[in-house]
Amino acid sequence: MPEADLYELAERYRPEFPIFRSAVYLNSCSLGALSQRSREALNRFADLWDRFGAAAWYDHWLEAAQVVRASFARLISADESETALAASISAALTSIVSAIDLEQRPRVVTTELDFPTVIYQFLARRRLGVEPVVLKSPDGVSVPVEAFAAAIDERTALVATSHVYYTTGAIQDVGAIARHARAMGALCLVDAYQSTGQLPVDARELQADFLLSGSLKWLLGGQGLAYIFVRRELCRRLEPTAVGWFGAEDQFAFDVGALRLRQDARRFELGTPAVPTLYTARAGLELVQEVGIERIRRRVASLADDLWRRARSAGLRIRGASEPAARSAIVMIENTEPEAAVRRLGEAGVIADYRPGAVRLSPHFYNTTEDNARAIEVLERRPGVGGSR
Ligand SMILES: Cc1ncc(COP(=O)(O)O)c(C=O)c1O
């Protein structure tokens, strides 16, 4: 698709996001913008609550959960039976890790660039004998596949790492990492929170045993839901010990005499999901799939390219992958006082974010190169603060 058509795509969908009437929004990797569709869906949820009270569970809300699981399954080319819902990535990890035997194989390999909640799962289990191996990044941007290969051994139960690093926006070759894990008899968990919705993600192509994501970032669904994928062959084999009634085979039998877990990925579900978010998340998933993930990737890749070019010509330095193919739409602009820089951006009407040592900009399909220009213009006005050339 030519560049002009991709630009029209942004123009077409931008009116659906009222935030752009008052701001330049460049922080989709923290929280995707609220669409009119999601707001209307939230109103529909409230109407049902108002009209039916708890009776809405049977006729509407349980089905809404199923629609969201199925929609996520479609997005990652998985089967519906391989997907489940959780309250957060942290909750999803808790139930998944509870099903993995960390006694026979106590090592878990992760990296210093992964999101803290992933690493904390294993640091917290150190007193139970778990041995987390947190790989260092030699360049502060990514971790070579060879480093994973060298760290995974016959005592390794799990490799848990990101598809896209929240720290640098670098895209990892998780397929290659997963192959090393499998060759050693270890499992691979992919934290795809920062890739789903901005890149095509195919759980099987990535060789993921588990893949986690959630509603609030690139999938435009707001806070309150995480998505779980568990490879079909593992669903029955793995028995979580962190469980809840939504994972029971016959949830509404209320049988406390025995626990029979479901045979599919939903055995990893815990308790009542955030029903309002089922509505906003469904609208977000549908919108992303309507725009088309391949088109989104092309659009955000060109916006990220544009940001790299503008930042460099303004004398700002970017912490990110040197090869363009490994770059995503999370662009980290080095800054010694990122909090102050984000405040200045805010005063100029640009909503961005920061992480240690960098201002983080993350354009989605609804952004334009004018948005990028506005942000860089504000950042370049204080050359002493921005990174050096
Ligand atoms: C890569 C990644 N994983 C996990 C999380 C957070 O997980 P949780 O749903 O537990 O808040 C984030 C950001 O909030 C993230 O960027």
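Buried means under 20% relative accessible area, exposed over 50%, and partly exposed in between, with a 1.4 Å probe and protein chains only. Keep that in mind for the tour. This is a predicted model, where local features need pLDDT of at least 70 and side-chain atom pairs count only at pLDDT 80 or more, while totals for chains, interfaces and linings use all residues. Residues are numbered from 1 along each chain as its sequence is written, and side-chain values use heavy atoms, leaving out hydrogens and water.

**Whole chain.** Start zoomed out. You'll find twelve helices and 13 strands in the protein chain; helices (H or I, at least four residues) and strands (E, at least two) are DSSP runs numbered from the N terminus. The C-alpha trace spans about 65 × 55 × 40 Å along its principal axes. Of the 389 residues, 58% count as buried.

Now select Phe252 and Phe254. Phe252 is partly exposed at 36% relative accessibility, while Phe254 is exposed at 57%. Tyr58 sits in helix α3, residues 56–75, and is exposed at 60%.

Next, show the rings. Rings of Phe, Tyr and Trp (its six-membered ring) pair if their centres lie within 6.5 Å; planes under 30 degrees apart count as stacked, over 60 as edge-to-face and the rest as tilted. The whole structure holds 17 aromatic pairs. Phe252 and Phe254 have ring centres 6.1 Å apart and planes at 70°, so they are edge-to-face. Ring pairs also link a cluster including Phe45, Trp49, Trp61 and Tyr279.

**Salt bridges.** Switch to charged side chains. A salt bridge is a side-chain nitrogen of Lys or Arg within 4 Å of a carboxyl oxygen of Asp or Glu, and the whole structure has 21.

- Pick Arg155 and Glu131, bridged at 2.7 Å, N to O. Arg155 lies in the loop between α6 (145–151) and β5 (156–162) and Glu131 in strand β4 (residues 131–135), so the pair ties together parts 24 residues apart in sequence.
- Go to Asp209 and Arg182, which meet at 3.2 Å, N to O. Asp209 is buried at 2%, whereas Arg182 is partly exposed at 37%.
- Finish at Arg262 and Asp264, at 2.8 Å, N to O. Arg262 is buried at 17%, and Asp264 is buried at 15%.
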